[in-house]
Structures are given as structure tokens and as C-alpha cells.
Amino acid sequence: MLRQYHSKNKKMENNKMKKATLALAVAGGTLGLSMSQQAAAEFFKDSKANLELRNFYMNKDFRDEVSAAPNQQAKQDEWAQGFILRMESGYTEGPVGFGLDVLGLAGVKLNSSPSEAGTGLLPGGYNNRAPDDYSEIGVTGKVRFSKSELKVGTLMPKNPVLVYNDTRLLPQTFQGGSLKVQEIQGLTLDFGYLNEVNYRNSTDNEEMSLINANRRNITIKRGGENEANFFMYGGATYQVTKALTATYYYGELDDLYKQHAFNVVHVLPLGKNSLKTDLRYARSTDDGEAHVDNHAFGLMTTYAMGTHKFALGLQKMQGDTGFAQINGTDPFLVNYIQVNDFANADERSWQLRYDYDFAALGVPGLTFMTRYVSGDHVDRGPGSDGREWERDTDIAYVFQSGMLKNLSLKWRNATMRSNFVRDVDENRLIVSYTLPLK
């Protein structure tokens with residue numbers, strides 16, 4: 001049995017366990033009072049569960065001259081095994097239905113050393129020894145009324161102002177509540193209030209903070225703190241026509257920044273082919289403790305022709321700072337790719353992408369993707385502009401039948417070069433299998 005990895009922050013760990021216990025007690029008590037035998041049957045009848053096994057190897061080879069300098073890390077290299085247990089109940093019968101979801105996360109170190117740590121697969125960083133294993137349990141109580149759903153507990157939000165990260169061994173999670181309303185046909189309303197985050201390689205629920213990576217030029221005002229008590233969001237998505245969807249969201253990280261995000265997606269049928277247009281705009285401003293001033297423009301257009309896809313992406317940052325987001329999350333940007341997001345102050349970037357599905361050649365399950373993104377005009381101060389580029393290649397295969405059916409193999413390769421951050425070559429090998437339990 002895995003022993004849980006204990007961080008230095010025992011207080012947060014204890015609070016987390018108390019909250020999980022309380023959520024279970026409240027949910028259990030509520031269910032016990034409200035469920036008849038028939039209702040209980042529906043609760044279990046519609047339940048589902050699966051266990052994802054995710055084996056992840058990651059190597060980052062820094063290719064600049066800094067790599068050879070004293071106290072600089074030349075390489076990051078780690079290997080780990082992840083276990084992701086998802087259990088979702090149905091709802092009790094009646095006008096108001098109650099349910100309970102459980103998320104179990106565990107990671108086991110297979111290879112890591114202090115000199116090569118820091119990939120984000122395991123807790124700890126450079127010159128720190130990663131624990132042998134770490135684990136986390138998340139509990140979510142849920143209530144359904146008509147076509148509305150309320151959830152309280154462990155959440156993984158995904159919307160234009162907040163996208164949880166799931167690019168390593170285990171996913172990032174948040175603590176809080178969310179409400180999704182779909183009472184009007186074609187219209188979805190989505191609201192949330194979060195007060196803690198659990199990072200992808202951590203077992204602690206912590207206060208959220210504002211990212212300030214690379215050359216974003218986001219600063220915390222003198223005497224201020226980069227910590228937030230809450231993040232709240234609200235938004236609406238409307239299916240205007242079968243081919244056109246419009247979305248607006250508002251997000252606010254307490255005392256740090258506010259953000260308005262707009263997204264319009266249109267798919268134009270062209271016989272057997274199609275042309276998809278994804279237009280994005282976000283306006284971020286400061287809110288008390290930080291200095292944030294950013295307009296983020298993005299356009300991605302994709303032409304699908306049989307098993308081929310050709311895409312062009314354009315992205316522009318405007319204002320005093322780069323894009324604002326909660327630390328550790330994924331930015332809702334068209335040029336956010338494997339290593340980079342091209343979201344620095346004043347940066348402009350373009351992307352060319354190609355996808356191919358080998359099913360047309362008689363190899364269903366085999367897919368290929370390659371893309372190139374170039375960015376320039378990064379604000380590095382008076383008389384100095386930053387430039388960077390990245391080239392990515394993904395090759396994936398999912399077994400279609402036999403004993404290995406649904407086993408997924410993926411190789412992700414990236415090369416990134418820049419005149420203001422360290423050059424890197426990166427490889428990720430991911431083997432995953434999801435085992436249905438119910």
C-alpha cells in the first residue's frame with residue numbers, strides 16, 4: 001500500500017483531510033436522510049468508475065551555454081507511474097437528486113535524482129530528492145435539479161478564464177464550488193468559487209497565486225503579496241446556430257487581477273471537408289496587489305480534408321504586461337503548446353500545424369501531429385526585443401483490438417530556442433491505459 005507523501009505544510013494537509021471528511025459526512029448524512037430504497041438504486045445504477053494507469057518519462061536537455069555554468073542545471077530527467085481513480089455516482093431519484101464523486105490520485109517514483117529533478121512529474125525540484133510516492137484523495141458532493149448541477153469539493157474547471165493542468169503524471173485540482181445551469185436550450189451558464197489549489201505534483205491544497213514567468217513583466221506592488229483567498233468566475237456559452245458558438249467569461253483572482261474572455265467558434269462545412277475558425281480575446285487588468293495590463297488576441301483556423309488537417313494560428317499580446325493567469329494552470333491561448341505559450345509582454349506569434357490520421361492507410365489508431373510557432377517583439381526593455389520559436393512533433397498509437405485494446409502509446413518531442421530564456425530539447429514518452437471498473 002502506498003504511503004502518502006507528507007509535505008512540510010502539515011497545517012494544509014490536516015485542513016485538507018478535515019474538509020474531505022466533512023464533505024463525506026455531509027454528503028452521507030444528506031443521502032441517508034433523503035434516499036428511499038428506489039432512490040438508492042438509481043444512485044448506484046448510474047454510477048461509473050475507472051482506473052487510469054499513466055506511465056510517464058520526461059527528459060529536458062538544456063542546450064544553451066548557461067548549462068555548463070556553475071550551479072546551473074544541464075538536464076532534467078525523471079520517470080514515474082501514476083494511478084488516477086475516478087468514481088462517479090448517479091443521482092438519487094426525485095425532483096432533487098444527490099450524488100458523490102471520488103478522485104484518487106497516486107504517483108510512484110521510478111527514476112529521479114536531485115541533480116536531474118524538476119520535470120514536474122514528482123514533488124520537489126533541482127537539488128531536492130523526490131519522495132518515493134505521493135497521493136491525494138478528492139471528494140465532490142453534487143446536487144442536480146432539473147437541468148442544473150451544483151458541485152462542492154474537488155473540481156477541475158475548464159473554461160476560457162481557468163483551465164486546469166493535466167500535462168504531467170497527475171492532474172491539477174481545485175477546492176470550491178461550481179454551478180452549471182442549462183435550463184434554456186442552447187445556453188449554458190457556468191459559475192464557480194474556488195479557494196485553494198492542489199498543483200499537479202503536490203499533495204497540499206494551497207492559496208492561489210498569479211503567474212509571472214519569462215518576460216510577462218507582471219509585478220506585485222510594494223508591500224503586496226502574491227497570494228489570493230479566492231478565484232471566482234462566471235460565464236455563458238450560447239449555441240447561436242449548429243455551426244456557431246459564442247462564449248463569454250469573467251474571472252477574478254482576489255486582489256491580483258480581473259479578466260474578461262471572449263471566444264467565438266465557427267465550423268463551415270465544405271462538402272466532405274470543413275473550415276473551423278476559433279477567435280479568442282481576453283482583457284486582463286490589475287486588482288489591488290499586482291500590476292496587470294494585457295490584451296490577448298488569438299485566431300486559429302483549421303482546414304480539415306479527409307484524414308488531413310492544416311492549421312494557421314495568429315496571436316498578439318498588447319499592453320504593459322503579458323497574459324495573466326493562475327500559477328500552474330494552462331492559458332486559454334491558441335499558441336499555447338508543449339513548452340511555450342508565447343504570452344510575454346508585446347509578443348506577437350504565428351503557428352503552422354499539420355495533423356494526419358493513418359486510418360486512411362489502413363492503420364487505425366495511429367496519428368501524427370507537427371507544428372511550428374515563431375514569436376518576436378517581446379518587451380525586454382529599451383532597445384531590446386525578444387525572439388523565440390518552438391517545433392513540436394507528436395506520434396501516438398491506440399490499440400484497437402485484442403488484449404491490448406485501448407492501450408495508448410505517445411511520444412512528444414519539442415525543440416525551443418530563445419534569446420531571453422534557456423534553449424531546451426524535450427522528450428516525453430507516455431503509456432496509458434484506462435481500466436473500466438463499472
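Q: Where is the place of Tyr336?
A: Tyr336 sits in the loop between β17 (308–318) and β18 (348–357), where strands are DSSP runs (E) of at least two residues, numbered from the N terminus, and helices are runs of H or I with at least four. This is a predicted model, in which local features need pLDDT of at least 70 and side-chain atom pairs count only at pLDDT 80 or more, while totals for chains, interfaces and linings use all residues. Residues are numbered from 1 along each chain as its sequence is written, and side-chain values use heavy atoms, with hydrogens and water left out.

Q: Why does Tyr336 count as partly exposed?
A: Tyr336 counts as partly exposed because its relative accessibility is 26%, and buried means under 20% relative accessible area, exposed over 50%, and partly exposed in between (1.4 Å probe, protein chains only).

Q: Ok, and what does Tyr336 touch?
A: Leaving aside residues up to four places away in sequence, Tyr336 touches Asn165, Thr167, Gln315, Asp330, Pro331 and Asp341, a contact being heavy atoms within 4.5 Å. The C-alpha atoms of Tyr336 and Gln315 are separated by 9.8 Å, and these residues are 21 residues apart along the chain.

Q: Which side chain makes a polar contact with the side chain of Tyr336?
A: That is the side chain of Asp330, at 2.9 Å; a polar contact is a pair of N or O atoms within 3.5 Å, where within protein one must be able to donate a hydrogen and the other to accept it, and residues adjacent in sequence count only if both atoms are side-chain atoms.

Q: Switching topic, how many cavities of 30 Å³ or more are there?
A: The count comes to four, where a cavity is a set of points on a 1 Å grid over the protein atoms alone at which a 1.4 Å probe fits but cannot get out, and lining residues have an atom within 4 Å of a point. The largest cavity holds about 80 Å³ of space, a volume being the space filled by probe spheres set on the points, which are joined across faces, edges and corners.

Q: What about the second largest cavity, which residues are closest to its centre?
A: The second largest cavity has a volume of about 60 Å³, and of the 14 residues that line the second largest cavity, Val161, Leu162, Gln325, Asp330 and Pro331 are the closest to its centre.

Q: And the whole chain, how much of it is buried?
A: Of its 438 residues, 44% count as buried, and the secondary structure of the protein chain comes to two helices and 22 strands.

Terms used
On a 1 Å grid over the protein atoms alone, a cavity is a set of points where a 1.4 Å probe fits but cannot get out, and a pocket is an open set with protein on both sides within 12 Å along at least five of seven lines; lining residues have an atom within 4 Å of a point.
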